[in-house]
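Please open the model in your viewer and keep the selection panel at hand. The tour below goes from one selection to the next and says what is to be found at each stop.

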Amino acid sequence: MQLSARRPAPALLDLGIAITRLVRTHAARTRPAGLTLVELRALGAVDADPDLLLKDLALVMGLTPATTSRLAARLVRHGLVERRADPSDARAARVRLSRRGAAALGRALRTLEAVIDARLTGLDAADRRASVRWAERVLPALAPDRRTS
């Protein structure tokens with residue numbers, strides 16, 4: 001079947017898989033800004049939702065609460081996020097990017113963006129602009145609701 005004749009969901013799944021493979025391969029080989037792919041994803045989630053509850057980070061990441069807690073502890077140890085108690089629930093914790101974490105995330109994203117841009121050099125300028133416009137319309141519809149409370 002031609003790509004242009006496909007339904008959106010299978011095409012989007014294929015696109016997501018292709019991007020994930022490209023990023024995973026590059027991140028595993030180069031560790032942009034010294035981050036693993038899981039750390040990079042976690043920093044991106046925290047950046048998108050400052051003061052994120054750990055349980056919401058677990059949901060976004062698809063990790064267990066225990067694994068997420070260990071991940072957050074590692075990020076705190078490296079000075080990439082700050083962890084604090086939730087003022088409304090002493091049992092819950094919130095995380096936010098530190099300055100160091102924001103800088104590391106920025107460096108890693110610039111590196112990965114360059115890898116993706118290099119792969120898209122075969123597209124002409126009009127197709128590149130159209131892909132950006134399309135992504136800006138589609139991504140909000142696909143973004144998960146990160147807040148559980």
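Which residue in E3 is the bridge partner of leucine 53? Select leucine 53 together with E3, and the partner turns out to be arginine 94. Bear in mind throughout that this is a predicted model.

**The whole chain**

Zoom out before going further, and display the chain as a cartoon. There are 6 helices and 3 strands, and read along the sequence they follow the pattern α-α-β-α-α-β-β-α-α. Along the principal axes, the C-alpha atoms fill a box of roughly 55 × 30 × 20 Å. Of the 149 residues in the chain, 28% are buried, and the chain exposes about 9,800 Å², of which carbon and sulfur atoms supply 58%. If you colour by charge, you will find 27 positive and 15 negative charges, whose mean positions are 5 Å apart. Among contacts between residues at least 6 apart in sequence, 55% join residues at least 24 apart.

**The sheet**

Next select the strands, E1 (residues 52-53) and E3 (residues 89-97) along with E2 (residues 81-86). They form an open sheet in the order E1-E3-E2, with antiparallel pairing, and the edge strands are E1 and E2, each of which pairs on one side only. E1 and E3 pair over 2 bridges; besides the bridge of leucine 53 to arginine 94, leucine 52 has valine 95 as its partner in E3. On the other pairing, E2 and E3 are joined over 6 bridges, and the two strands form a hairpin with 2 residues between them.

**The nonpolar core**

Now show side chains and select Leu35, Leu43, Leu57, Leu75 and Val95, which are the residues with the most contacts inside the largest nonpolar core, a set of 23 residues. The elements that give two or more residues to this core are helix H2 (37-48), helix H3 (54-61), helix H4 (65-77), E3 and helix H5 (99-119); the largest share, 5 residues, comes from H2. In soluble globular proteins, nonpolar side chains tend to be buried together.

**Helix H3**

Move on to H3, where the buried residues are Leu54, Asp56, Leu57, Ala58 and Met61. With these selected, display the surrounding elements as well: the buried residues of H3 pack against H2, E1, H4, E2 and E3. Just after H3, stop at glycine 62, which takes a positive phi of about 75°.

**The segment after H6**

For the last stop, select alanine 143, which is found in the segment after helix H6 (125-142). Is alanine 143 buried, partly exposed or exposed? Its relative accessible area is 48%, so alanine 143 counts as partly exposed, given that the range for this class runs between the buried limit of under 20% and the exposed limit of over 50%. Finally, draw a C-alpha to C-alpha distance from alanine 143 to valine 60: the two residues are 83 residues apart in sequence and 9.9 Å apart in space.

Key
Residues numbered from 1 in each chain as written. Predicted model: local features only at pLDDT ≥ 70, side-chain atom pairs only at ≥ 80, totals over all residues. Heavy atoms only, no water. Helix = DSSP H or I, 4+ residues; strand = E, 2+ residues; numbered from the N terminus. Buried < 20%, exposed > 50% of the residue type's maximum accessible area, 1.4 Å probe, protein only. Contact = heavy atoms within 4.5 Å. Areas by Shrake-Rupley, 256 points an atom, 1.4 Å probe, with all protein chains shown as cover. Lys, Arg positive; Asp, Glu negative; His and termini not counted. Charge placed at Lys NZ, Arg CZ, Asp CG, Glu CD. Pairing = 2+ DSSP bridges. Core = buried A, V, L, I, M, F, W, Y, C linked by side-chain atoms within 4.5 Å.
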